[in-house]
Amino acid sequence: EIPSEQWAQVLEKSGGPAVYKKIPVQKPGPDEVLINVKYSGVCHTDLHAMMGDWPIPTKPFPLVGGHEGAGVVVAKGDLAPDIELGDHVGIKWLNGSCLACSFCMQADEPLCPHALLSGYTVDGSFQQYAIAKASHVARIPKECDLEAVAPVLCAGITVYKGLKESGARPGQYVAIVGAGGGLGSMAIQYARAMGLHVIGIDGGEEKGQSCKSLGAMAYVDYTDSSQDLVEQVKKATPDGLGPHAVLLLAVSEKPFQQATEYVRSRGSVVCIGLPANAYLRAPVLDVVIRMITIKGSYVGNRQDTQEAIDFFQRGLVKVPYKTVGLSELQDVFQLMQDGKIVGRYVVDTSR
Ligand code: 8ID
Ligand code: ZN
Ligand code: ZN
């Protein structure tokens with residue numbers, strides 16, 4: 001009952017647009033599974049991929065994007081012993097890795113030099129039937145709603161890992177930059193669940209309301225030029241010395257050059273957002289005499305994946321999402337480009 005053709009959103013050239021059309025269903029290789037994708041979240045990375053923002057080549061066009069796909073296994077190769085047909089699984093950014101290099105050996109598989117990236121170097125989840133490496137698909141418990149869990153598969157895993165990398169401990173303060181977006185909305189809740197106080201930073205009132213309702217104790221609006229952002233962020237901590245960690249999720253360069261001004265001494269600045277052609281900048285003196293750590297964080301490994309899903313399953317994080325048909329993906333990209341999305345969009349592959 002697996003059809004030979006299916007609906008997909010296909011990129012035929014850099015810059016887009018994505019074209020909704022029918023394409024063949026592929027067959028899984030020995031170490032792969034074929035997943036009937038039910039829902040897929042739309043990550044800003046998918047927009048970067050379409051626009052060709054990054055100096056990393058994609059697979060040759062046509063390319064099917066998407067890397068927050070939740071669905072059901074409908075076929076599998078012989079080398080996927082621990083997965084059954086009918087299992088619920090998730091397609092994440094890291095589609096596969098070699099499992100043999102020194103990074104994979106130590107569970108740093110996002111750093112694998114042979115990593116396969118869903119919706120980038122291999123076709124992703126903006127189609128009804130997608131292929132992924134059996135070793136890497138997220139195992140999704142049957143009681144999790146596939147629509148609601150989809151954004152956990154990139155946004156959730158990434159911010160959960162970023163918070164761990166920040167070293168912030170329960171009771172401390174974390175600033176989340178881009179807190180009204182897809183990653184940010186999840187980050188507020190993971191941070192809360194991990195016992196942190198959250199200062200949300202984003203633009204506009206609607207995003208402010210969203211941050212507060214998700215549990216941020218303070219909101220700083222970067223578009224409000226009547227107030228000094230650095231002072232506001234520091235003032236949001238009880239002793240005025242700033243947050244212990246900063247998670248940079250914004251798709252713009254400025255905050256990457258500003259975060260060391262308000263992070264607390266001995267604190268850490270974790271870079272996660274990937275604005276095109278952006279550079280970090282920080283005063284060396286401050287970094288030295290205030291002992292600031294600046295680091296990057298990139299998705300998560302298989303264990304981080306299962307932990308991030310476990311937070312969801314326990315009801316500790318909820319994704320604020322809106323669902324539209326897969327056929328409407330291009331409209332979602334437009335809203336994203338205009339910075340108008342609060343939370344996440346999910347596409348339903350059945351329409
Ligand atoms: O593993 C990784 N490192 C990883 C994983 C997943 C996604 C990195 N990313 C990257 C994406 O490629 C993208 O560059 O993280 C970034 C954020 O992805 P997203 O959350 O899916 O994007 P969004 O929903 O558009 O949210 C971005 C938010 O940033 C705000 C916007 O208003 C929006 O709410 N923002 C911007 I643009 N400039 C800001 C500023 N100066 C800002 N917020 C505060 N200050
Ligand atoms: Zn993503
Ligand atoms: Zn490897």
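This is a predicted model: local features need pLDDT of at least 70, side-chain atom pairs count only at pLDDT 80 or more; totals for chains, interfaces and linings use all residues.
How many of the eleven residues of E3 are buried?

1. **Strand E3.** Nine of the eleven residues in E3 are buried, so the strand is mostly covered.

2. As background, the strands of a sheet pair through backbone hydrogen bonds, either parallel or antiparallel.

3. Elsewhere you can trace an open sheet of three strands in the order E2-E1-E4, with antiparallel pairing. Its edges are E2 (18–24) and E4 (63–64), each of which pairs on one side only. Between E1 (residues 5–11) and E4 there are two bridges, and Leu11 stands opposite Leu63 in E4.

4. **Two cis peptide bonds.** Gly16 and Pro17 are joined by a cis peptide bond, with omega about 0°, and Pro17 belongs to the loop between E1 and E2. Another cis peptide bond joins Phe61 and Pro62, with omega about 5°; Pro62 is found in the loop between H1 and E4. These are worth a look, because most peptide bonds are trans.

5. **Helix H11.** Which residues of H11 (residues 329–337) are buried? They are Leu329, Val332 and Phe333. Viewed down the axis of H11, these buried residues fall within an arc of 100°, so they line one face of the helix. Asp331 and Gln334, on the other side of H11, are exposed. After H11 comes Gly339, which has a positive phi near 70°.

6. **Two domains.** The protein is divided into domain 1 (5–154 + 300–348) and domain 2 (156–296), and their C-alpha centres lie 27 Å apart. Where they meet, 26 residues of domain 1 are in contact with 19 residues of domain 2. On the domain 1 side, H1 (44–51) and H10 (302–313) are the elements that give two or more residues. H10 gives the most, with six residues. By class, this side of domain 1 has 15 nonpolar, five polar and six charged residues.

7. **The shell around ligand 1.** Now turn to ligand 1, which 33 residues surround; the closest are His44, Gly178, Gly181, Leu183 and Ala250. Which elements each supply at least two residues of this shell? They are H1, H5 (182–193), E12 (197–202) and H8 (254–262). Domain 1 and domain 2 each provide at least three residues of the shell. Its make-up by class is 16 nonpolar, 14 polar and three charged residues.

8. **Positive phi at Ala107.** Ala107 is a residue other than glycine, yet its phi is positive, near 65°. You will find Ala107 in the loop between H2 (102–105) and E8 (116–117). Is Ala107 buried or exposed? Ala107 counts as exposed because it has 11 C-beta neighbours inside 10 Å.

9. **Positive phi at Met291.** Met291 is not a glycine either, and its phi is positive at about 50°. Its place is the loop between H9 (284–289) and E16 (293–296). Met291 is exposed, as 10 other C-beta atoms lie within 10 Å.

Note on methods
Residues are numbered from 1 along each chain as its sequence is written. Chains are lettered from A and ligands numbered from 1 in the order in which they are written. Domain bounds come from an automatic or database domain assignment. Two residues are in contact if their C-beta atoms, placed from the backbone, lie within 7 Å. Helices (H or I, at least four residues) and strands (E, at least two) are DSSP runs, numbered from the N terminus. Ala, Val, Leu, Ile, Met, Phe, Trp, Tyr, Cys and Pro count as nonpolar, Asp, Glu, Lys and Arg as charged, and the others, Gly among them, as polar. A residue is near a molecule or strand if its C-beta atom, placed from the backbone, lies within 6 Å of it. Two strands pair if DSSP finds at least two bridges between them. A residue is buried if 20 or more other C-beta atoms lie within 10 Å of its own, exposed if 12 or fewer, and partly exposed in between; C-beta atoms are placed from the backbone. The arc is that of the directions from the helix axis to the C-beta atoms.
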